[in-house]
Amino acid sequence: MITGLKAISNYIAALITVTMIFTAIAFFITASIRQVQISNYALNTMVEVSERARENLALSSVINGQNITITIVNRGTLDTPLSHLVIVSKTLEVYEYTINGTTVPVGGIVNLRFQLPVPPDQIYNIMLITYRGNVFDVLSTTNKPLTVYVTPSDRLISPGEKFNISIVIINNIGSTLRISSDYIFIYFRNETANLTSYFVVNNVFPDETISIEPGQQVILTYTYEYVGGLSPTYVDIYILIEPRSLLGEQVYSSTYVHYYLKTT
Amino acid sequence: MVGRARGFRAQTEMISIMILISITVIAGYLVYRAYTEQMRQQQAGVALVSQMARSRIAERITLVAGYINVSNNKVILIFNNFGDEDTNITKIIIPAIKVGGEIELMVFNVNEKIPRGQVKTIILSINRKDVGYPPGISVRINVWTVTGRVYSYNIRTVG
């Protein structure tokens with residue numbers, strides 16, 4: 001019996017030792033799991049950060065009355081989910097719009113339409129924010145889907161006189177665009193009124209639908225006749241262009257030229 | 001007589017063994033408690049460090065736009081939290097130019113929460129009369145978050 005009692009102290013010591021060993025192993029395993037979890041999380045975050053750098057959107061906007069249409073072309077190598085649109089007025093009031101759920105696929109085109117919270121001349125800045133955190137300027141973008149140049153054949157126009165308007169359109173997006181005169185709208189204005197009815201289209205060249213590849217350009221020439229009826233005035237020209245992609249997506253772009261010509 | 005002596009020795013040995021067992025149990029218990037307490041604290045430390053590391057990795061904010069309206073001395077900062085967790089901005093340091101041309105750092109202690117995936121506008125008022133900004137300059141501000149990270153952004157004066 002005494003021998004058995006002597007062994008009890010050894011059993012207790014062994015039990016405590018085994019418990020301590022298992023506790024140490026459990027601690028080691030727990031710490032390792034935490035480390036692996038953090039490492040995986042850091043790795044995923046690094047992937048997200050690198051994906052953020054790969055976003056490349058080309059933006060253009062058309063303001064029509066109190067509405068703005070923003071054309072977004074994804075020129076990057078990743079689908080780009082959009083997050084918010086922020087509009088800042090000239091009085092620095094901030095208007096936020098949540099656009100979660102809209103994704104621009106690679107090479108795809110998405111149009112966003114918003115009603116402006118303030119008159120267009122009171123807009124200071126419009127920014128588009130993606131889900132990955134990139135911020136794109138909408139109004140001051142230097143990377144538009146289309147580059148448009150407009151040149152007149154004559155600057156001083158008399159009543160009954162014909163003149164040409166040449167529109168050079170360059171395709172900046174990564175896919176083919178189809179352009180025809182049906183997709184181009186030309187308005188003549190001055191500071192006070194719409195003067196479009198004083199100018200009549202006689203001819204358009206070419207008059208069929210043209211496909212232009214990425215980086216290519218097309219020149220459309222409109223022949224107009226000034227019917228007269230205006231006192232001498234400077235005339236501005238506003239051109240709205242809405243070409244289609246091969247998938248039927250619509251690209252909105254516009255250009256406005258002040259003091260384009262003068263009537264005599 | 002001899003039998004009584006043997007019985008007495010056996011009792012003595014029994015008592016000493018019982019004392020030994022008691023000492024073993026108590027000492028073992030104390031050692032085990034100290035050990036487990038140390039393990040618990042180490043685990044808590046590792047968990048805290050992991051949480052801090054995770055929070056710092058999860059925190060991703062950007063300044064969408066920032067303006068100093070010199071006409072009413074308001075600072076408008078538009079932040080976007082595109083990280084994995086809500087974040088809190090605790091301090092914003094904005095340099096200003098004092099009368100005489102010296103640059104002074106104005107410290108704004110704020111507690112502004114930016115929820116995950118949200119855009120939030122923070123407006124600060126500069127109440128001091130002895131500081132200002134020349135029109136059109138760019139101002140570099142520093143923004144502290146609750147995780148201790150510091151972000152630097154350029155903002156511009158307007159008005």
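User: Which residues lie nearest the centre of the largest pocket, and how many line it?

Analyst: This is a predicted model, where local features need pLDDT of at least 70, side-chain atom pairs count only at pLDDT 80 or more, and totals for chains, interfaces and linings use all residues. Residues are numbered from 1 along each chain as written, chains are lettered from A in written order, and side-chain values use heavy atoms, without hydrogens and water. The largest pocket is lined by 22 residues. Y131(A), R132(A), R60(B), F82(B) and G83(B) lie nearest its centre.

User: What makes a residue count as lining, and a space as a pocket?

Analyst: A lining residue has an atom within 4 Å of a point. The points sit on a 1 Å grid over the protein atoms alone; a pocket is an open set with protein on both sides within 12 Å along at least five of seven lines, whereas a cavity is a set where a 1.4 Å probe fits but cannot get out. The largest pocket holds about 410 Å³.

User: Which element gives the most to the lining of the largest pocket?

Analyst: α1(A), with three residues.

User: Why are β10 and β13 of chain A said to stand at the edges?

Analyst: The open sheet runs β10-β19-β17-β13 in chain A, with mixed pairing. β10 (156-157) and β13 (184-189) each have a single partner strand, so one side of each is left without a neighbour in the sheet.

User: How do you know that β13(A) and β17(A) pair?

Analyst: Pairing needs at least two DSSP bridges between two strands. Six bridges join β13(A) to β17(A), and the strands run antiparallel. Therefore they count as paired. F185(A) has L240(A) as its bridge partner in β17(A).

How values were computed: Points joined across faces, edges and corners; volume = space filled by probe spheres on them. Helix = DSSP H or I, 4+ residues; strand = E, 2+ residues; numbered from the N terminus.
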